[in-house]
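Here is a short report on side-chain contacts and surface features. Start with the structure itself, then read on.

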Amino acid sequence: MVKLWNGEAVQWHLTFCMEGKAGSLEAGKAAGQLLVHLGSREKLTAEELRRIAAKSVKQVQNLGGNLVLLDVAAAVEILKEEGLAAVVQGAELALYHQENWKEKSEDKSDIQLYLTATEDVDGGAILAETTVVDRWVCFARDLVNCPSNKLTPVLLAEAVVQAAAGLDVEVQVLDDKVTRTLGMEAFHAVGDSSANPPRLIVLRYRGGGEAAPIALVGKGVTFDSGGYSLKPSTGMRGMKGDMAGGAAVCAAVLALAENQAAINVTAVIPAVENRISSSSFLPDDVIGSMSGKTIEIGSTDAEGRLILADAITYAIRYEKACKVVDIATLTGAMARMLGGVAIGVMANDDNFFTALQDAAGRSGEKFWRVPDYPEYKQLIESQVADLYNSSDSCGAIAAGMFLSAFAEDTPWLHLDIAGAAWSGKLSQPYQPKGATGVGVTTLYQLCRSFA
Ligand code: BES
Ligand code: ZN
Ligand code: ZN
C-alpha cells in the first residue's frame, strides 16, 4: 500500500513538520497540501509517530483522497529507520478494512500512499520489511474477524496451509486421530465437545541452522461458548475471536519467513471449538494431559489453558523448543484490568522478559508483568487431581500459574491478550474496529532479536 515516491502525480501532499501540537493537521498554502504537526523534537517517539501517521491518513481518506504523498523527512531525520517504519506501519494498519459478506459490497477504492525518499535511511529496505509485517498483521485480523461458521478448526488449518504456500515454511496439520495417539487428553477434552473436530496446526520455519527453535504457542479456540459452564449470551459475543493468539503466532512466523529472518521458530496452534454436546467434558470431571498431570475441571469455560497445556508439552517434547511463548485470549480478569491498552505477561525467566520488553520497545505494543509468587500456586491446587483449571480469585494469575506448570524449566512467557485482541474505547488510531492483530509485531521483533 505504501511505495517510495518516483514523482507520480498525487492529490494530497502531507508534510510532517516539527512544530505545533502533536497530531494536529493544518491546511497548507496550496490546495491539497496538509501540514502534519509532530510537536517537540524531544517528545517525539516512534509510537507517537505511528499514531499520528494513522490519524492523518484516515483524515485524508475521509476527504476522498486516494493518491497521497507523505513527506516524512523531518521525522526520519530524528528517529531514522524506526521513524520511517513507524509511519509506514501506522498508515498501513489504519487503512485496514474488514471483509464482509454483503450482497452488494461497497467499493472502497484503495488509497495509494507514497513516501518521499530521504538521505538519512535506506527507505526501500525498511519499507519492504515493514510492509510484509503489516500484511501479516492484517492477515491475523482477517482470521480473527472471520465468523466461526466460516472458520472451524479444520478450515483454520486450511487457511494456514494456504497462507504459507510459496514460503519456506513447513506446515503440518495433526488430525484428531494423531493427537489422540499422542495422548493429548486435555486438548481433546475441549476438542471432542464439537462435531467440528480439533486440529493441531504446526508451522516450522528454519532460517537459523541447527539451533533449537523458539516455540510460539497460540490459543486457537474458533468459538468459545463456555461449554456446560455456559457463558451468558452477551459474554458470548466476540468469541469467534478466541483464536486471536493462534492467528498471531501464525502471522508472526509467516512474516519472519517472508523476511528471511535468521532464526528457527515453530508455531503450535491447538485449534478447537468449545461447545455443548453429549461428547462434551463436564464440570467436576478429572482429565489427563500429555504431560501426565491430571486436571480437575472447575469450569469448562477455562478451556484455553487446557489446550495450551498440551500444546506447550508438545512444543517442548516433540518440537524440542528451547524457549516457549504462549499467547492467548485467556481471561476476562486480564481484560477487565488492562482493557485494550496493554498485554498481561507472566514469565519464569527475567532475561526472556527483558527481551520481550526490548521487542515491545520496537513494536510499540505495551506489556505489563503480573507476579508468579509461590503463594499463588494454591490457586491451582485440587483435592483430587494434580491441578485445578479454574479459580474464584486472581483469575488472570491463576491461568498463568496453571500454564507455568507445563512450561516447567523451559524459559517461558505467557501473553494474555483477552483485552487487547479487539479494538475498543482505548485502542490506538492504527487499530480500526474489530480485531487488532495485537502481538504479531512484538512476536516478530522478539524472534528477530534472537537471530
Ligand atoms: N475466552 C475466554 C476469555 C475471554 C473473556 C477472552 C473475554 C476475551 C474476552 C476464556 O476461555 C474464559 O472464558 N475464561 C474464563 C476463565 C474462568 C472460568 C476461570 C474467564 O476469564 O472468565
Ligand atoms: Zn472460555
Ligand atoms: Zn476461551
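## A nonpolar surface patch

A patch is made of residues with over 30% relative accessible area and no salt bridge, and nonpolar side chains are joined within 5 Å. In this predicted model, Tyr228, Leu230, Ile276 and Leu282 make a nonpolar surface patch of about 360 Å².

Ile276 belongs to the loop between strand S11 (264–274) and strand S12 (286–287). Its relative accessible area is 40%, so Ile276 is partly exposed.

## Aromatic pairs

A pair of aromatic rings is described by the distance of the centres and the angle of the planes. Ring centres must lie within 6.5 Å to pair, and planes under 30 degrees apart count as stacked. By this rule, the count comes to 5 aromatic pairs. One of them joins Tyr373 and Tyr376: the ring centres are 6.1 Å apart and the planes are at 20 degrees, so this pair is stacked. Tyr376 is partly exposed, at 21% relative accessible area.

## Charges over rings

Phe406 has the charged end of Lys293 over its ring, 5.6 Å from the centre. Phe353 has Arg369 over its face, with 4.8 Å to the ring centre.

Where is Gln428 found? The loop between strand S18 (412–416) and helix H13 (440–448) holds this residue. Is Gln428 buried or exposed? Gln428 has a relative accessible area of 12%, and buried means under 20%, so Gln428 is buried. The side chain of Gln428 makes a polar contact of 2.3 Å with the side chain of Arg51.

Technical notes:
Residues are numbered from 1 along each chain as its sequence is written. Chains are lettered from A and ligands numbered from 1 in the order in which they are written. This is a predicted model: local features need pLDDT of at least 70, side-chain atom pairs count only at pLDDT 80 or more; totals for chains, interfaces and linings use all residues. Side-chain values use heavy atoms; hydrogens and water are left out. Rings of Phe, Tyr and Trp (its six-membered ring) pair if their centres lie within 6.5 Å; planes under 30 degrees apart count as stacked, over 60 as edge-to-face and the rest as tilted. Buried means under 20% relative accessible area, exposed over 50%, partly exposed in between (1.4 Å probe, protein chains only). A charge sits over a ring if NZ of Lys or CZ of Arg is within 6 Å of the ring centre and within 35 degrees of the ring normal. Patches are made of residues with over 30% relative accessible area and no salt bridge: like charges are joined within 9 Å, nonpolar side chains (Val, Leu, Ile, Met, Phe, Trp, Tyr) within 5 Å. Accessible areas come from the Shrake-Rupley method with a 1.4 Å probe; for residues, only the protein chains shown count as cover. A salt bridge is a side-chain nitrogen of Lys or Arg within 4 Å of a carboxyl oxygen of Asp or Glu. Helices (H or I, at least four residues) and strands (E, at least two) are DSSP runs, numbered from the N terminus. A polar contact is a pair of N or O atoms within 3.5 Å; within protein, one must be able to donate a hydrogen and the other to accept it, and residues adjacent in sequence count only if both atoms are side-chain atoms.
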